[in-house]
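Kindly read each point with the sequence and the model in view.

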Amino acid sequence: MQNSVLVSVILLSILISGCAGKMPQTAEEFRKVLPDAFMGKKEEFEVDRAYMDIAKTFQTMAPRCLDVKIKTTSQTYQSYQVIVAQYNPTVIVTKDKAELHVQKRHESGVMAVYKEPEKGHYLIVADVTPLGKNRSKIVMYRPSIGHDVMVKAIKGWATGKNIGCPDLTQ
Amino acid sequence: MLFRYSIVLPLLISLIGGCSGIKTYPNSPIKNLHVEVETDADSLFSSVRAAVDIYRVDSYCKTEYEGTVQFKYPSVDLGIPPGRSSYLVFVYTRSSFLSNSTGTVRYDVLLTPHPAYKYNAKVRYVDNIYNVEISEIQPDSGKIREIELKGLNTCHAY
């Protein structure tokens, strides 16, 4: 499991970078590159929830759940590997748009092939815009494989159902 | 030989018990926190265990470990000293038998119970999503208010 995640992360990093030797350095670059990247996915959906309620949930839950350091170990009879990853969330809320950026920086166990932003490579960007009093639109830029638990948690923050933190040790 | 075992065995047991660092929380007889626990049911492949570590918080925001309560039943009543801050760290440990792996995640809460108030906590780990919600019940009116949960980093020394 951990090995497959590791391979996914490395592949995703390389593929998002478009093999051009450059990784998205900003959320805007990530939005532009991801939909055409292999293993990248742009997902849009609407929810029956007020925009400001979603923004507030992002502001509450993201620092609590996603500002974490995760240490994973994997061991076979041949090898022993320790990976330490720091997740860094950023929430930006304006009158008409809320953004959640999730970045991940490997502190040990994984070598960065390309130059990463200071807070690590972009993993997920979620944009929320109001559609009406109790209706909002969410656009998620995310990996198509892996990080399912994090995606599920962020969708929960958007819909208001099963609000909680994702178990990132998975 | 028998004499040697009679000395070594109790020593070994006490050492293992003492070195684990985990002690049972000395629950107060006056219970003010009712905890309801919901976790994924055990399967052939995995299980989830929930517990709470309870710390005393002093005026300098320093913590002192008081003990742990393992949630073995769907609900449990705890006595958290009112009038002062306690630091509650809810710990979820997931074990996967297939991959022979374990993972631990924590949800920490700084709680200062008011005297005479009652508190309800919902502690949940379902589908790899975990959460803690605590609500406060006023003693006279019975009015229930959900508390905005904050971590130890919001503690202010005085």
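1. Two strands are said to pair if DSSP finds at least two bridges between them. In this predicted model, strand 7 of chain A and strand 8 (residues 129-137) of chain B pair in the antiparallel sense over two bridges. Within this pairing, Cys165(A) has Tyr130(B) as its bridge partner in strand 8 of chain B.

2. The contact between the chains draws on 13 residues of chain A and 17 residues of chain B. About 1,300 Å² is buried between chain A and chain B, with carbon and sulfur atoms giving 44% of that area.

3. Two salt bridges are counted between chain A and chain B. The side chains of Asp167(A) and Arg94(B) form a salt bridge, at 3.4 Å from N to O.

4. Helix 3 (51-66), helix 4 (148-159) and strand 7 (165-166) of chain A each contribute at least two residues to the side of chain A that touches chain B. Helix 4 of chain A gives the most, with three residues. By class, this side of chain A has six nonpolar, four polar and three charged residues.

5. A separate point concerns Arg142(A), which lies in strand 6 (residues 135-143) of chain A. Is Arg142(A) buried or exposed? Arg142(A) counts as buried because its relative accessibility is 8%, and the cut-off for buried is under 20%. Its side chain makes a polar contact with the side chain of Glu43(A) at 2.8 Å. Among the other residues that Arg142(A) touches are Leu34(A), Met39(A) and Val151(A).

Definitions and conventions. Residues are numbered from 1 along each chain as its sequence is written. Chains are lettered from A and ligands numbered from 1 in the order in which they are written. This is a predicted model: local features need pLDDT of at least 70, side-chain atom pairs count only at pLDDT 80 or more; totals for chains, interfaces and linings use all residues. Side-chain values use heavy atoms; hydrogens and water are left out. Helices (H or I, at least four residues) and strands (E, at least two) are DSSP runs, numbered from the N terminus. Buried means under 20% relative accessible area, exposed over 50%, partly exposed in between (1.4 Å probe, protein chains only). Contact means heavy atoms within 4.5 Å. A polar contact is a pair of N or O atoms within 3.5 Å; within protein, one must be able to donate a hydrogen and the other to accept it, and residues adjacent in sequence count only if both atoms are side-chain atoms. Buried area is the accessible area (1.4 Å probe) that two parts lose on being put together, summed over both. A salt bridge is a side-chain nitrogen of Lys or Arg within 4 Å of a carboxyl oxygen of Asp or Glu. Ala, Val, Leu, Ile, Met, Phe, Trp, Tyr, Cys and Pro count as nonpolar, Asp, Glu, Lys and Arg as charged, and the others, Gly among them, as polar. Lists of a residue's contacts leave out its neighbours within four places in sequence.
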